[in-house]
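Morning, everyone. Please have the sequence and the model open while I talk.

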Amino acid sequence: MPNNLVRSIPAWVLSSGLKACGLILLLSLARGAVWLVNMVIVAPISDPLKNMQGPEALFLQNHFREVMDPTLSPDTHENWVKAYGKTFRFHGFGRHDYRLFSIDFRVISHILNSPAYEKPWQTRSLLSRLFGRGVFAMEGEEHKSLRKLISPAFSTRSVKAMTPIFFQKAEELRDRWEYLTARPTSIDREGLPALPPPPYSPARSLTDTVLDVSHWFSRAAFDVIGLAGFDYHFRSLQHESEDVYLAYRNLFKIADRNPGLRGLVQLYFPILGKIWPDEGSRILKESQAVIHRAGKELIQSKKTAILAEKASVTGMMEKDILTLLIKSNLLTDPFKRISDADLLAQLSTFLFAGSDTTALTMAWCAHLLSLHPDVQTRLRDEIISLSACSSNKQTGYSPQSHAEAIDALPYLDAVVRETLRLCPPVHGTMRVATRDDNIPISSPILLRNGTVVRDGETFRIRRGSYVHVPIEALNFSEDIWGPDARSFNPNRWLSLPHTARVPAYPGIANLMTFSFGPHACPGWKFSILQTKIFMATLLPDFVFEPAADIQKFNAVLTRPYVYDQFEYGARLPLKVGKYYPS
């Protein structure tokens with residue numbers, strides 16, 4: 001401000017302004033101090049979860065790593081359940097932050113089915129920032145209406161209509177691997193460091209061909225959801241250069257990053273990303289611009305074609321998810337229709353949730369088969385037997401009928417379900433109580449004062465309390481799956497233990513991987529059938545062997561990495577050899 005202008009302002013005005021600013025600052029500090037004292041000291045005193053048993057923590061200590069790190073969580077969950085029972089509390093951001101943890105069926109069923117529990121606003125804000133207002137970022141009536149809108153796109157009939165795409169891309173992946181394994185030596189994704197030897201010694205080495213199956217399955221699944229979701233050709237199996245594909249890939253990389261301190265602050269102050277953008281914010285903005293531009297054109301062209309009752313040139317017009325969504329949207333009450341931006345948000349959400357989750361399932365399945373050659377051989381024999389029966393494609397053959405036959409293979413079904421149980425793409429999820437509530441239990445809880453909450457009774461939780469829904473812990477529970485719960489044993493699905501059959505809680509019985517209730521994964525049929533078709537296409541031609549020690553880490557999804565090479569990101573290298581019948 002020019003000096004002469006400052007001199008022209010009366011001293012009392014400057015003084016009053018400074019006093020007002022000082023007063024505002026003092027009031028803000030006082031309000032912050034009151035909030036902090038209430039959060040750290042006052043509120044915990046009356047928190048009902050304080051009366052529960054659970055691991056102790058220091059003032060600013062948390063248990064996030066013990067709960068969420070897959071290298072620690074299985075042992076941690078098992079030890080805590082043995083020490084404190086099926087329902088207890090642990091600490092979030094410090095000793096004052098009590099959070100609920102339970103593997104009690106009745107508790108989990110109540111929480112996932114009750115409208116009193118929602119995803120935390122932080123989770124929904126993060127998802128909205130990345131993908132827009134997708135179904136996983138919505139709650140309440142808005143979520144209910146959207147689920148109703150998208151349900152036809154994932155019906156059994158719609159998924160069956162997509163099976164030609166599954167076969168097309170599975171066969172394309174097989175052809176790419178045929179080429180790579182025909183070379184004397186091929187190491188996929190060159191430039192990465194040499195792999196350390198695995199901690200086991202295979203009886204024989206079938207091949208020197210090492211492929212990062214996680215990356216290849218991801219490319220294939222991306223192509224599948226591109227065609228099945230958008231009727232859009234990414235062609236990522238052939239080359240990874242298409243603009244929209246690269247934009248989505250960059251988006252997913254940001255989603256997988258640890259948000260860090262800046263990311264947490266930006267959740268509370270979104271304007272930070274606009275006035276002080278970092279590299280992640282810039283990449284996000286650029287990627288979303290590419291996606292929105294292409295998405296807008298695609299939605300408009302499909303709307304025009306639908307309204308004009310035209311057929312797609314590729315023949316996919318009646319089958320892709322976007323077309324079904326647009327049709328469903330046009331048929332609904334005009335006042336309840338969602339915008340084009342929200343339509344695109346659903347596709348971005350499905351692309352993330354439907355491509356990499358399925359790709360991870362296929363990669364983990366191949367990995368587990370590499371570690372268990374007897375299972376791999378038995379599964380291959382079952383698939384080859386089916387192929388022999390249907391090799392002569394006479395009248396009556398169709399991709400849909402072949403998919404039905406694959407879907408009905410009992411041992412393939414057992415292997416896929418066992419993979420999903422041991423390697424759920426989502427390690428756990430969170431809910432927050434939107435009001436005070438009483439939660440029913442089926443397994444007794446011993447409180448810190450010696451009081452016992454018995455089967456059929458309830459315990460109280462207050463508004464604002466966080467609940468950790470431990471998908472992995474439920475999938476690994478010995479009480480449900482038996483003493484070999486942490487072992488890969490597909491046979492368990494051929495004679496499921498009675499403890500894994502819980503008719504009173506539909507959805508939670510058998511498998512927690514896709515969750516259940518109003519927020520259950522809508523695309524679970526799509527994912528399972530796609531995985532089965534890929535395995536049925538690849539196993540008759542290839543044998544998998546271990547190539548490195550593989551560990552898990554948690555980002556948004558549970559991903560694989562090579563032990564001692566975490567800095568190089570998600571990878572799952574396997575030795576892939578051509579199968580020759582003996």
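Valine 210 stands opposite lysine 575 in strand S14. Next, leucine 211 faces leucine 574 of S14. Before going on, some ground rules. This is a predicted model, in which local features need pLDDT of at least 70 and side-chain atom pairs count only at pLDDT 80 or more, while totals for chains, interfaces and linings use all residues. Residues are numbered from 1 along each chain as its sequence is written, and side-chain values use heavy atoms, with hydrogens and water left out.

Helices (H or I, at least four residues) and strands (E, at least two) are DSSP runs, numbered from the N terminus. Two strands pair if DSSP finds at least two bridges between them.

Back to the sheet. S4 and S14 (residues 573–578) run antiparallel, joined by three bridges. S11 and S14 are also antiparallel, over five bridges. In that pairing, phenylalanine 544 stands opposite valine 576 in S14.

So what is the order of the three strands? The open sheet reads S4-S14-S11, with antiparallel pairing. S4 (210–212) and S11 (542–546) are the edges; each has a single partner strand, so one side of each has no neighbour in the sheet. On average, neighbouring strands here are turned by 45° against each other, direction ignored. In general, strands of a sheet pair through backbone hydrogen bonds, either parallel or antiparallel.

Which helix lies across S4, S11 and S14? That is H9, residues 163–181, running at about 65° to S11. Axes are lines fitted to C-alpha atoms, for helices over the stretch in contact, and angles run from 0 to 180 degrees between N-to-C directions. Contact means heavy atoms within 4.5 Å.

Now helix H10, residues 213–230. H10 has 18 residues and reaches 25 Å from its first C-alpha to its last, close to the 26 Å expected at 1.5 Å a residue. That expected span is 1.5 Å times one less than the number of residues. Is H10 mostly covered or mostly open? Mostly covered: 18 of its 18 residues are buried. Buried means under 20% relative accessible area, exposed over 50%, and partly exposed in between (1.4 Å probe, protein chains only). Just after H10, aspartate 231 takes a positive phi of about 60°.

Next, proline 74. Proline 74 is found in helix H4, residues 73–84. Its relative accessible area is 13%, so it counts as buried. Leaving out residues up to four places away in sequence, proline 74 touches Glu472, Phe476 and Arg486. Proline 74 and serine 477 are 403 residues apart in sequence, but 9.3 Å apart in space, C-alpha to C-alpha.

One record to mention. An unreviewed UniProt entry lists Cys521 for "binding site". UniProt positions are given in the numbering used here, feature names are shortened, and annotations may be inferred rather than shown by experiment. Cysteine 521 is in the loop between helix H21 (478–481) and helix H22 (524–538). Cysteine 521 is partly exposed, at a relative accessible area of 25%.

Last, confidence. pLDDT is the predictor's confidence in each residue, from 0 to 100. The protein's mean pLDDT is 84, and 83% of its residues reach 70 or more. Over residues 200–205, pLDDT stays under 50. Over residues 504–509, pLDDT stays under 50 too. Where pLDDT is low, the predicted coordinates should not be read in detail.
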